[in-house]
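Visitor: I would like a close look at a single part of this model. Please take me through its charged contacts and what surrounds them.

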Amino acid sequence: MDRTFSSVVVPVLRAPFSSRTWREAGYLLAALPVALVCIPLALVGGPAGRIQRDLVARLLGRRIEPPKDGRLAALAHAVLSLPLAVAGLAVTVYGWSLVPLNLGWPLRPLLGMGTGDYSDAWGGPTFAGAWALHALVGGVGFLLLMPWIGRGLTALQGRLAAGLLGPRRIGPGRAALLALPVTAVAAVVAVPIVHQL
């Protein structure tokens, strides 16, 4: 029992501080700008596929062999990965920003966020209760959750890149079936987040 508990709890506690987590977060932050640069680059016959494969190799540690005809594959990947890259960027920025915003909840008024009134805040009516709940749920909770969300998003991005930029292609139709549902879910989740801001 103790061994099983530690085999689950220890990786969860270590994940926010691992280099893998921060490489994956870096990929999710870079994927959208790289895709936007690679679309025109692929149209003029530039090295878009190599740039996209290098990004996957450097940040996700996944080597993808180039296909024989890479120009259309690079364009397809840049275009079809856009919705997933937008979702990944939004989720990464928002999710990781919640960690310091909630750990430092009392400092929010200094940033122009909220009125400083904690009587109606989650965990209120006391200052200590409001801070504790925000720090525990929003700070520590997102600190432990975000690495796993990042791993899921980068697993999808890696699969999409391998399928479109590698020698064994999945085709644009299957790639769209992979990327669009994830993007739709991210868009639905984004609605309450946007209203909260």
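Are Arg 151 and Glu 24 buried or exposed?

Guide: Both Arg 151 and Glu 24 are buried. Keep in mind that this is a predicted model. The side chains of the two residues meet in a salt bridge, 3.5 Å from N to O. This pair links distant parts of the chain. Arg 151 sits in helix α6 and Glu 24 in helix α2, 127 residues apart.

Glu 24 has another partner. Its side chain also meets that of Arg 20 in a salt bridge, at 2.9 Å from N to O. Arg 20 and Glu 24 are four residues apart in helix α2, so about one helical turn separates them. Their exposure can be set against the cut-off of 20% for buried residues. Glu 24 has a relative accessibility of 6%, so it counts as buried. Arg 20 is partly exposed, with a relative accessible area of 42%.

The structure holds three salt bridges. The remaining one joins the side chains of Arg 50 and Asp 54, at 3.9 Å from N to O. Both residues lie in helix α3 (residues 48-60), four residues apart, or about one turn of the helix. Arg 50 is partly exposed at 47% relative accessible area. Asp 54, at 29%, is partly exposed too. Through shared partners, salt bridges join Arg 20, Glu 24 and Arg 151 into one network.

Now the aromatic surroundings. Arg 151 also lies over the face of Trp 148, 4.6 Å from the ring centre. A search of the whole structure finds one aromatic pair. Its rings belong to Trp 22 and Trp 96, with centres 4.6 Å apart and planes at 40°, so the pair is tilted. Trp 22 lies in helix α2 and Trp 96 in helix α5 (residues 82-103), so the pair ties together parts 74 residues apart in sequence. Trp 22 is partly exposed, with a relative accessible area of 44%. Trp 96 is buried, at 14%.

How far can these details be trusted? Confidence in the chain is highest in helix α2 (residues 19-43), at a mean pLDDT of 94. It is lowest in helix α7 (residues 172-196), at 65. Where pLDDT is low, the predicted coordinates should not be read in detail. The chain averages a pLDDT of 82, and 80% of the residues score at least 70.

The chain has seven helices and zero strands. Buried residues make up 38% of its 197 residues.

Note on methods:
Residues are numbered from 1 along each chain as its sequence is written. Side-chain values use heavy atoms; hydrogens and water are left out. pLDDT is the predictor's confidence in each residue, from 0 to 100. Helices (H or I, at least four residues) and strands (E, at least two) are DSSP runs, numbered from the N terminus. Rings of Phe, Tyr and Trp (its six-membered ring) pair if their centres lie within 6.5 Å; planes under 30 degrees apart count as stacked, over 60 as edge-to-face and the rest as tilted. Buried means under 20% relative accessible area, exposed over 50%, partly exposed in between (1.4 Å probe, protein chains only). A charge sits over a ring if NZ of Lys or CZ of Arg is within 6 Å of the ring centre and within 35 degrees of the ring normal. A salt bridge is a side-chain nitrogen of Lys or Arg within 4 Å of a carboxyl oxygen of Asp or Glu.
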